[in-house]
Amino acid sequence: LSDLWRFDYLTNTWTSLNTAPLRNHPAIHRQASVLGPWGLLNYGGLKQKSGTPTEGRDLSIQHLFKDERLAVPLSGAGNNNRVGPQSRYLTSIALMESSAVINKLYNIDGPFLLMFGGDGGHSINAYPNNGFMPNSFLDDVWILSPSELTANNFIDRSDYCNGRLERDSTQYQIWNTTCGWKASFGGEPDDCELGEILIMAWCKQQYQSLHMY
C-alpha cells in the first residue's frame, strides 16, 4: 500500500492525502527511525538486493534537506566484537530527554536514544509454511549517546524553517494545499511528499519515532 493519511487527535478524525511518488527507495526496509535535532536517524533493517535478506546493525543519518545519507561512527567501529546490539529489524527506538539518573549511571549528558527488542530472524516469507525463525525475537535494551551527531551533524533551523513556519509565506500556503490540507479548505489536496511531513515536524521540533518500510 502507498496511501497516506493524517490523524487529528483533537477531533479523532482521519484525512486522506494524495501521495507523491517516493523519489528515493533504499534497498533497506523495516528500519527503525527517529526524527531528531540532527535529521532522520536510521538503525538496522533488512537488506535484500538479491537472494536471502540479511539483518543490519548500521546507524546512519538522512539529511532532511539534501540527498545525503551518512554513516554514524560508533566507538570501536573497526572491531567486529565491539559492544553494541546485534543485527536486527523492526526494533523500537526513541529519542529521550536528558536525565539526571541516566547521566549518573552511564555518564551521558544530554538527549539519548533508547532502543528495545526487534527481530533477529529473516523475513517470514523466506521460511517454509510462512513460519518465524525460532528464538529470533529480541528483548534487550540499549542506550546510545549521540555525541558524534551533536558535534558534527547539527542543522541550523533558521536556514530552512523560517519560511515554512510563517503563515503568510508561500511555503506555508503550499503546505496547506498538500500535506496540511483539510476538507474545510475545499477542493482536493495536491500531492504530498513524505519528506515534507518530516521536514515540517522537524521545524516544529515534533520529534518522533517511526518505521521505514
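## Disulfides

There are two disulfides, a disulfide being a pair of cysteine sulfur atoms within 2.5 Å. The model is a predicted one, in which local features need pLDDT of at least 70 and side-chain atom pairs count only at pLDDT 80 or more, while totals for chains, interfaces and linings use all residues. Residues are numbered from 1 along each chain as its sequence is written, and side-chain values use heavy atoms, with hydrogens and water left out.

The link of Cys161 and Cys203 is left-handed, at -80 degrees about the S-S bond. Helices (H or I, at least four residues) and strands (E, at least two) are DSSP runs, numbered from the N terminus. Cys161 and Cys203 are both buried; buried means under 20% relative accessible area, exposed means over 50%, and partly exposed is in between (1.4 Å probe, protein chains only).

The other disulfide joins Cys179 to Cys192, S to S 2.0 Å. The link of Cys179 and Cys192 is right-handed, with 105 degrees about the S-S bond. This pair links distant parts of the chain: Cys179 is in the loop between α4 (170-177) and α5, and Cys192 is in the loop between α4 and α5, 13 residues apart. Cys179 counts as buried because its relative accessibility is 3%, and Cys192 is buried too, with a relative accessible area of 1%. When the bonded cysteines of the chain are numbered in sequence order, the pairing reads 1-4, 2-3.

## The chain as a whole

The secondary structure comes to five helices and 13 strands. The chain has 213 residues, and 34% of them count as buried. It exposes about 13500 Å², of which carbon and sulfur atoms supply 51%; accessible areas come from the Shrake-Rupley method with a 1.4 Å probe, and for residues only the protein chains shown count as cover.

How many of the contacts between residues at least 6 apart in sequence join residues at least 24 apart? The share is 56%, where contact means heavy atoms within 4.5 Å.

## Nonpolar cores

In soluble globular proteins, nonpolar side chains tend to be buried together. A nonpolar core is a set of buried Ala, Val, Leu, Ile, Met, Phe, Trp, Tyr and Cys residues joined through side-chain atoms within 4.5 Å. The largest one here has eleven residues, including Ala32, Val34, Trp38, Leu59, Val72 and Met115. Four strands, β4 (31-36), β5 (39-43), β8 (59-62) and β11 (112-119), each supply at least two residues of this core. Apart from it lies another core, of ten residues, among them Leu40, Ile155, Leu198 and Trp202.

Strand β11 also holds Asp119. Asp119 is buried, as its relative accessible area is 5%. In sequence Asp119 and Arg88 are 31 residues apart, and in space they are 5.4 Å apart, C-alpha to C-alpha.

## Aromatic rings

A pair of aromatic rings is described by the distance of the centres and the angle of the planes. Rings of Phe, Tyr and Trp (its six-membered ring) pair if their centres lie within 6.5 Å; planes under 30 degrees apart are stacked, over 60 edge-to-face, and the rest tilted. The whole structure has five aromatic pairs. One of them is the tilted pair of Phe7 and Trp14, 4.9 Å centre to centre with 50 degrees between the planes. Phe7 is partly exposed, at 29% relative accessible area, whereas Trp14 counts as exposed, at 57% relative accessibility. Ring pairs link Trp5, Phe7, Tyr9 and Trp14 into a cluster.

Phe65 and Trp202 form an edge-to-face pair, 5.6 Å centre to centre and 70 degrees between the planes. Phe65 is in the loop between β8 and β9 (69-71) and Trp202 in helix α5, 137 residues apart. Trp202 counts as buried, at 0% relative accessibility.

## Helix α5

The buried residues of α5 are Leu198, Ile199, Met200, Ala201, Trp202 and Cys203. The charged end of Arg157 sits over the ring of Trp202, 4.3 Å from its centre; this term requires NZ of Lys or CZ of Arg within 6 Å of the ring centre and within 35 degrees of the ring normal. After α5 comes Gln205, whose phi is positive, near 60 degrees.
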